[in-house]
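Welcome, and please open your viewer. We will go from stop to stop, selecting a few residues at a time and looking at what is there.

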Amino acid sequence: MRTFTGATFTRYIPENMSEPVLPQRARVVIIGGGVIGTSVAYHLAHMGWKDVVLLERDRLTSGTTWHAAGLIVTFGSLSETSTEMRKYTRDLYSRLEAETELSTGFKPVGFIELASEPDRLEEYRRVSAFNRHCGVDVHELSAAQVKDLFPLARTDDILAGFYVKEDGRADPVGVTMALARGARMQGAKILEGVAVTDVLQKRGVVTGVRTSHGDIEAEYVVNCAGMWARQLGAKSGVNIPLQSAEHYYLITEKIPGLSSSWPVIEDPASYGYYREEVGGLMIGLFEAECAPWKVGGVPEDFSFGEISPDWDRMGPYVQKAMERVPVSLETGVRKFFCGPESFTPDLAPIVGEAPELKNYFVAAGMNSIGILTGGGLGRVLAHWIINGRPDVDVTGFNIDRLHTYQANPEYRRTRTVESLGMVYQCHYPTRSMQTARGAKKSAIHDRLAAQGAYFKDVSGWEGADWYAPRGVEPKVERLSWGRQNWFPYWQAEHEATREGVILMDMSFMAKFLVQGRDAGRLLNHISANNVDSSAGLITYTQWLNEGGKLEADLTVTKLDDERYWVVASDTAHRHTETWMRRHFGDAHAFVTDVTSGHAQINVQGPRSRELLQSVTTADLSNEAFPFRTAREIDIGFARVLCIRITYLGELGYELYIPTEQAVHVYDRLVEAGRHVGLRHAGLKALASLRMEKGYRDYGHDIDNTDSVLEAGLGFAVDLKKPGGFLGKEAVLAKKAEGPLKRRIAQVLVKDPEPMMFHAEPLRRNGKSVGYIRAASYGFTLGGAVGLAMIEAGEPVDQEWLDKGTWEVEIAGKLYPAVTSLRPLYDPEMKRIKS
């Protein structure tokens, strides 16, 4: 092997290339020889699956890996999964050379994140608290300390720096070559110059690949094709909505005094990251508005190519970035590089088994963090493939969160401009994506807009987040980490739900009609609760995998012996549908997605019965229509499926209305509501109300790493129902272990001022025992309230909770808290069943 070192990169050039010889079959075929593909191959082989073939259509590292900047950073994420992958990656790169005798170029020179604005200081203090909980040794530095570590930086406006001594940089080409050699040493085959032209399949299952050199039979295929992943996936009907965009960095001429031992610094407010490169300064850029590249499709032969830089567009960003290190303004530019990187609609990777095709796995859309997470991601995916399920929380980046319309050219062109720009924006927890909006609206959208709704992006839907008072424009005046202008509007909606009656549009919820003579039996098999008892009854249940871990958290309503109504959250839409289809097989059970066919209007609050009774002839009395009843009722000229259930902790009803009749029903409700003080409420109120009641939300406060018992949902498990259920043996085994040492609990901050959102560390007697997975503000309870998974190493019960002194760390400050296993609001459910 030879390498060529240029001003900006090291390029791999193989010697004595011969015609590749393909095996007839392999257990796993990996497509793509960048850092992700080689990492997957490395980890599969190390985990015992030796029959692995990696196919690279050109040469290893072609595409984007070869020109990556190679930052190795564990700081910065509020995701436990992402932070652990970063830590694993750093550790792997530090030991690969001893294993393979190839250098990864890893240098732990340190990393500093700069905060020059108050809101960024708040964000990084929150991040550093969480990262410390995860084992990252983060230190907050003064401006003077930053200057000591990077003397050429301008620090007069720096409020603080966040320093991780063990982080640094690596050589992306060296990393990839070391991973490839490590995979080969364990028996994996790596073939270059072999293009995969199609993935073969039969009856919805992968059977192999077709290549430029013949076919290979395979049980599994892993698409690690980087910026080509979308185009390759489309050939098999697999949705991978990533998009390439221009990504820039420049390298200056040599700068006297600049040392290769200085830490990497990152200054998002200046759009730049900075590190030494062959005596000069590398300045990488993430501009606020990017330029998507080749929306129509990345050319197949674009392997080690560059894009002609757009100096006019990038000039202001370059100027701003260079001002952080003023000497760069006086130094010549050796190279201004532009190359493509792929980005996703929500700036999260696209990973997992494709819902369209069984055994077709994807790892793509790295959003410029492929090198710094590549080792960990390869381990996660290898474990997922081998064991049939992941061992980390994947709800935030599972491929099945995404929808097919997001692969439309106009959507990709529009959203990518914003998603790349989000990399260096302040990551306010209440911010909603602003681009590619307005395509999915509920039938009553215009009515809600007239009521003063402020809409947010809800899995592509326009969801009413809160309502401005009459005469006030619904807009966010300024994003912040504290109370914003809409805080009192939210409070009024929350209180109206507790005291009166509200109307809430939930049409974005995933809704499925499951029919057939086997429908009840099969739904009961995949449900931990008994969902196949009496007709006209809704049942709250979880779906579990064989390990007893959560796969879904939803409701199943039995309409009659052959018709069932399944409702899940918007984020679990495709996961829920795929889970049913994969487990139903060829049985007489048919899943129909009716999400768009039915609006969902929730009427909730102590006066909800009074309101609904005024618009229907059906008897809604507690005796005739008790909690959990599901029945079709009349409202005006419409027939409506009315279900007495709540997610807000009050007496309430969910109305499922044929879309064409939704406006009619809405108008009837609003007219009748004038007499009972009806108020509209948005999703901010949904969050605060459900959090006060301790209701779970899959993908936020519970996930696929939790057992149903640890999640506090044992009450929704029927261990005695005939036929059992998927995961029952694992649940029984968990019960047999004795008292739980890992349990979810509600956490209330005693001080009414601070706000919690997510990832705030939780301490008992000074020791970190978990973190807030999701939170809101409890107006009834009088403070920020959230749910945390407590990992104690000893039995956790209410007595243990009560004996401890509890604190939550919020942006570096500790606040006393109360913890409870039971809901802090209406634990007896008296209000719900009244």
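Which side chain meets Arg-498 in a salt bridge? Select Glu-692: the two side chains pair at 2.9 Å, N to O. A salt bridge here is a side-chain nitrogen of Lys or Arg within 4 Å of a carboxyl oxygen of Asp or Glu.

Before moving on, note that this is a predicted model, where local features need pLDDT of at least 70, side-chain atom pairs count only at pLDDT 80 or more, and totals for chains, interfaces and linings use all residues. Residues are numbered from 1 along each chain as its sequence is written, and side-chain values use heavy atoms, with hydrogens and water left out.

**Stop one: around Arg-498**

Colour helix H11 (residues 487-499), which carries Arg-498, and helix H16 (residues 683-693), which carries Glu-692; the two partners are 194 residues apart. Helices (H or I, at least four residues) and strands (E, at least two) are DSSP runs, numbered from the N terminus. Arg-498 is buried at 6% relative accessibility, and Glu-692 is buried at 0%. Buried means under 20% relative accessible area, exposed over 50%, and partly exposed in between (1.4 Å probe, protein chains only).

**Stop two: two further pairs**

Next, select Asp-167 and Arg-90, whose closest N and O atoms are 2.8 Å apart. Asp-167 sits in the loop between strand S8 (160-164) and strand S9 (168-169), while Arg-90 belongs to helix H2 (residues 80-100), 77 residues away. Asp-167 is buried at 0% relative accessibility, and Arg-90 is buried at 13%.

Now try Glu-140 and Arg-125, joined by a salt bridge of 2.8 Å, N to O. Glu-140 is in strand S7 (residues 138-141) and Arg-125 in helix H3 (residues 118-133), so the pair ties together parts 15 residues apart in sequence. Are these two buried or partly exposed? Glu-140 is partly exposed at 35%, as is Arg-125 at 30%.

**Stop three: the nonpolar cores**

Select Ile-30, Leu-44, Phe-75, Tyr-93, Val-222 and Leu-381, which touch the most other members of the largest nonpolar core, a set of 80 residues. Such a core consists of buried Ala, Val, Leu, Ile, Met, Phe, Trp, Tyr and Cys residues joined through side-chain atoms within 4.5 Å. Helix H8 (residues 370-387) gives this core its largest share, 8 residues.

Finally, a separate core of 62 residues includes Val-29, Ile-31, Leu-250 and Trp-293.
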